[in-house]
Amino acid sequence: MKSRASMFTLLMAVGGLVSTSATAAPPAPAAELRPAAAPAAPSAAFRPGAVASSKETRRKPTEVLPSVVDFLNASFETGTLVNWQFDEGSADVVVVPKNPPDACTQPDMPSDGNFMACMSTGNFYGGAANGGVRTDLTSGPIEFEFKPGNIKISFDVDFQSEESPTSIGHNDAFEARLVTAAGTFPIVQIDTFGRTEPGRGLKVEGFEELAGTLPGCAIKGFRTGMLRVTWSKPFSSVMRTLIARGPVFVEFSVTNQGDDQKTSIACVDNIVIKVTKPE
Ligand SMILES: [Ca+2]
Ligand SMILES: [Ca+2]
């Protein structure tokens with residue numbers, strides 16, 4: 001008991017010492033007061049305009065702005081398929097320049113810069129589709145600087161086919177997908193029936209109806225014309241954990257349905273990927 005009491009006394013003494021030493025430090029508060037005493041700062045703070053702007057700056061941190069993912073050769077402007085993957089020998093995919101103008105995709109494509117990528121379900125571009133029915137083009141690994149709360153992918157595409165519109169059993173198609181560690185997400189399908197109905201984060205600009213292919217184009221059938229596809233996908237916290245900083249892959253394919261007859265082609269360009277930090 002006695003020792004406890006003496007401990008208590010000791011603590012009180014220490015406490016007293018601490019508080020004494022704290023109050024015995026007058027220069028610091030005095031220094032802090034000095035800037036506030038400057039006349040310009042307080043008068044600015046009390047102006048109505050200044051109050052409004054401080055509200056604006058308070059709102060800004062909650063605005064989450066998307067950032068563009070740095071993705072090499074996203075628009076094929078190297079004039080090559082560098083940083084894109086495909087199975088050589090079982091794919092028909094090439095880079096098509098702006099000059100001379102491509103007979104099938106005028107006047108809109110390439111839509112960005114001087115080059116685009118085009119693929120076919122057969123040998124239209126001088127290669128050989130897988131089994132004569134399918135070509136896949138996959139991006140290089142796409143990585144993020146942070147775990148995104150949302151991803152937005154946009155690109156331009158023109159799909160053309162020798163098949164008749166609304167072909168059951170021969171519904172040749174173009175498809176775009178996002179491949180991730182949390183599974184594969186279909187972005188859009190375009191086929192002889194048209195394109196995936198927009199909604200659920202998908203926007204397709206430029207689609208009116210299937211029109212005839214151009215007279216100079218060796219594909220005799222229909223074309224969609226250039227479409228601007230934008231797809232936005234929010235990531236749940238579970239998906240964010242799985243996807244983390246990537247990699248993810250953007251994948252395009254054209255497929256012959258039913259048989260290897262009547263070729264379809266698709267040209268893509270201007271792939272832009274944006275990610276947003278979670279709120
Ligand atoms: Ca381009
Ligand atoms: Ca076909």
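Terms before anything else: I count two strands as paired if DSSP finds at least two bridges between them. Helices (H or I, at least four residues) and strands (E, at least two) are DSSP runs, numbered from the N terminus.

I noted that this is a predicted model, where local features need pLDDT of at least 70, side-chain atom pairs count only at pLDDT 80 or more, and totals for chains, interfaces and linings use all residues. Residues are numbered from 1 along each chain as its sequence is written, while chains are lettered from A and ligands numbered from 1 in the order in which they are written.

Overview: I found five helices and 15 strands in the protein. Of its 279 residues, 30% are buried (20 or more other C-beta atoms within 10 Å of a residue's own, with C-beta atoms placed from the backbone).

The sheet: I traced an open sheet of six strands in the order β2-β5-β14-β7-β8-β9, with antiparallel pairing. β2 (84-85) and β9 are at the edges with a single partner strand each, so one side of each has no neighbour in the sheet.

Inside it: I looked at β5 (residues 134-139) and β14 (residues 249-255), which pair antiparallel over five bridges. There, T138 sits opposite E251 of β14.

Next pair: I saw eight bridges between the antiparallel strands β7 (residues 173-180) and β8 (residues 183-191). A176 has V188 in β8 as its bridge partner, and two residues lie between the strands of this hairpin.

Last stop: I followed β8 through a two-residue hairpin into β9. Two bridges join β8 to β9 (residues 194-195), again antiparallel, and D191 is partnered with G194 in β9.

How values were computed: Buried ≥ 20, exposed ≤ 12 C-beta atoms within 10 Å, placed from the backbone.
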